[in-house]
Amino acid sequence: MNGYRKKLPVVLLLLVAAILPFLANNYWLDVATLALFYIVLAQGLNVVVGFAGLLDLGYAAFFAVGAYTTGILMTVYGWSFWLTLPVSIALAAVVGVIIGAPTLRLRSDYLAIVTLGFGEIIRLLAINLSITGSASGIYGIPRPSIGSYVLAGQLDFYYLILVIAILAVLAVKRLGTSRIGRAWMYIREDEDAAEAMGINRINMKLLAYSIGAVIGSLAGSVFAVKMSAIAPLSFSFTQSIMILLAVVLGGLGSIPGVVLGAALVITLPELLRSVEDWRYLIFGIALVAMMLFRPQGLWPARYDAGQAASGETEAALSGRGDDDVNVDAEKCNA
């Protein structure tokens, strides 16, 4: 019975997402599509920041890698959209390893500065290379098709990105509960202790970085064909900050929290359009207030509470409090 109760909200949410296009106008359908893009991107960054604890300030670069790979292959070489996806994913993974191998040995602020620089390098390359269309970008990207049916309308791309968002959530959830996910969380909490337990922290960090890159590039490929035009401005530092904001707002390492955070980051500014001159100020004040009163996020990861409850239960069952533990520790030290 408890299993059904846990699955019921998910089923209801999927049902609402499925019928939303028939209840909303074109404007709100476009907002919902953008929110789904951010859900995919935020889930990818959640692997890097939430699971592995690697502060990435240049995540939009992988978004750009996917978008430009698909855009170039379709406009210059005439490839099908579906054939560009494996290339986009593979290239993003390779770029993630190339960038991550020398930099992931760094920690904290140093890693954040390097990833910020990487994001800016990708953006500047897109501006200056002729194959990327320079500052003007790439235009006339063809629409994808399934057989004779061409995906061209808002409804088509809404359902396409909805399917990708569901797959991304399921993949990240499975990763989070796997041995790999537990290794990432050990590294996030204490790298030295994790390495002492036999975890290769560099390889595990590279794996997290590459998986995050793959998810980001997949969203970028779909973004390119939806917009049919891409430009470097779409992959700026601000974009990286907005994706990171979605992860922090929802709760680091929390999959449903990240979904909620991504939805709020997109929809709240739109809901405040009636106060156009003040909406970003109100949005910013709300974020500051949330960080002060709920720093763990709107929907924190369940394993934190579960571990705490488990520790309290074990202490209660054994009838030993903190004082007893301290006495035992002193005896061992003696």
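How many nonpolar, polar and charged residues does the lining of the largest pocket have?

**Before you start**

This is a predicted model, in which local features need pLDDT of at least 70 and side-chain atom pairs count only at pLDDT 80 or more, while totals for chains, interfaces and linings use all residues. Residues are numbered from 1 along each chain as its sequence is written, and side-chain values use heavy atoms, with hydrogens and water left out.

**Stop 1: the whole chain**

Show the cartoon: the protein has 14 helices and four strands (DSSP runs numbered from the N terminus, with H or I of at least four residues for helices and E of at least two for strands). Now colour by burial. Of the 334 residues, 42% are buried, meaning under 20% relative accessible area with a 1.4 Å probe and protein chains only. Among contacts (heavy atoms within 4.5 Å) with a separation of 6 or more, 75% join residues 24 or more positions apart.

**Stop 2: helix α9**

Select residues 201-227, which form α9. Its 27 residues should span 39 Å at 1.5 Å a residue, and because the end C-alpha atoms are 39 Å apart, the model agrees; the expected span is 1.5 Å times one less than the number of residues. Of these 27 residues, 21 are buried. Step past the end of α9 to Ser 228, where phi is positive, near 60°.

**Stop 3: the nonpolar core**

Next, select Val 40, Leu 45, Trp 184, Ile 230 and Phe 235, which touch the most other members of the largest nonpolar core, a set of 86 residues. Such a core joins buried Ala, Val, Leu, Ile, Met, Phe, Trp, Tyr and Cys residues through side-chain atoms within 4.5 Å. Helix α2 (residues 26-51) gives the most to this core, with 16 residues. Zoom in on Trp 184: leaving aside residues up to four places away in sequence, its contacts are Val 47, Phe 51, Ala 52, Leu 175, Met 204, Leu 207, Ala 208 and Ile 211.

**Stop 4: the largest pocket**

Back to the opening question: the lining has 32 nonpolar, seven polar and eight charged residues. Here Ala, Val, Leu, Ile, Met, Phe, Trp, Tyr, Cys and Pro count as nonpolar, Asp, Glu, Lys and Arg as charged, and the others, Gly among them, as polar. A pocket is an open set of points on a 1 Å grid over the protein atoms alone, with protein on both sides within 12 Å along at least five of seven lines, and lining residues have an atom within 4 Å of a point; a cavity is a set of points where a 1.4 Å probe fits but cannot get out.

The largest pocket holds about 1900 Å³ of space. Centre your view on Val 10, Val 169, Ile 255, Pro 256 and Val 259, the closest to its centre of the 47 lining residues. Then highlight α1 (2-19), which gives the most to this lining, with nine residues.

**Stop 5: the second largest pocket**

About 480 Å³ lies in this one. Select Leu 34, Tyr 38, Gln 239, Met 242 and Ile 266, which lie nearest its centre among 21 lining residues. Helices α2, α9, α10, α11 and α12 (279-293) each give two or more residues to the lining.

**Stop 6: the largest cavity**

Finish with the largest cavity, of about 50 Å³. Its lining includes Leu 57, Glu 120 and Phe 235, and α5 gives the most, with three residues.

Key: Buried < 20%, exposed > 50% of the residue type's maximum accessible area, 1.4 Å probe, protein only. Points joined across faces, edges and corners; volume = space filled by probe spheres on them.
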